[in-house]
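Here is a protein model to look over.

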Amino acid sequence: MLQVKLIVTGDDFGYCPRRNQGIVDCFLAGAVSNVSLLVNGSAAADAAKLARRYNIPIGLHANLSEGSPVCEVFKTNSSLLNQDGFFHGKMGFRTALSKGLLNMSEVKQELKAQVELFRELTGHLPPHMDGHQHVHVLPEVRHVFAEVLEEYGIKYTRVPIEPGLHNCDWIPPSLMDFYLGVEEDSFNTVDVFTKHGIRWPDIYIGLSTMGRNMSVSSIRSAIDSAVLQLRAEAAQSGTVTIELMVHPGYPSVPPVGGCGEGPDDFSQSWERLHELQTLIKPELQSHYKSRNIQLCSFKDL
């Protein structure tokens, strides 16, 4: 039987105390095996302490789109900031990039500052590093991001190309447009990351199973069909690696949380709790066992 190594990554660790608690509860229940830290999150220091206390494998969720930069010199004046003094936002960052308004040397400096803060908080470099709101696969950014990973010797990242995404008719058209943009950016990133010696799991899942769209059956079928497809294409034997991106947590309660400008709508919604409750369901755990799926972290690859 094919062995599947599954990394279940809880994103946005450090966003707020309630997010941290939800992710830790998932880890202790064996439902999350890896976390991604927002170092500019309001509860980042607390998250790093929790990771140490419970021995949770932790990487860096590089953030260029929400809240405030960690690089001191950029907190008042930078191409990365909008007129309110915060990052441009998920879509605002993409708009500013397409208009040529972002200084890539500032992007690089901020990414390096986040790696250094991660090291300060955790005592080690991140084994993996990805991008909040998938900014790391955007044009221009992807080159700078890859340079930073290579400079620090960070081996692993995330490339969000999800098998079967086009068949997910339950995803609303506006969200699907965003996802297809992420997918196209990811395809264009593969050669860049490869050239810099950066690796990522064989399969990525997480767009089709996010928030309200997460269920035991949606995770099960996403994993099963992706593995089948990979075996058909590559006649792969041995071990297949998968990363499942998840966002569990207890909903944020304003004004606590966020990355400098308070918690966003998704963090306050019931969908965070819904993910948590789905991930800890025993039938999901027993499905992993029946399919010879072993939960692990990037350090185990």
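## Basis

This is a predicted model: local features need pLDDT of at least 70, side-chain atom pairs count only at pLDDT 80 or more, and totals for chains, interfaces and linings use all residues. Residues are numbered from 1 along each chain as its sequence is written, and side-chain values use heavy atoms, with hydrogens and water left out.

A pocket is an open set of points on a 1 Å grid over the protein atoms alone, where a 1.4 Å probe fits and protein lies on both sides within 12 Å along at least five of seven lines; lining residues have an atom within 4 Å of a point. Grid points are joined across faces, edges and corners, and volume is the space filled by probe spheres set on them. Helices (H or I, at least four residues) and strands (E, at least two) are DSSP runs, numbered from the N terminus.

## Largest pocket

The largest pocket holds about 550 Å³. Its lining has 27 residues. Lys90, Leu175, Tyr179, Met210 and Phe266 lie nearest the centre. Two or more lining residues come from each of β1 (3-13), α6 (173-187), α9 (265-268) and α10 (270-279). α6 gives the largest share, three residues.

## Second largest pocket

This pocket has a volume of about 290 Å³. It is lined by 16 residues. Closest to its centre are Ile161, Pro163, Asp202, Ile203 and Tyr204. β5 (203-205) and α8 (216-234) each give two or more residues to the lining. α8 gives the most, with four.
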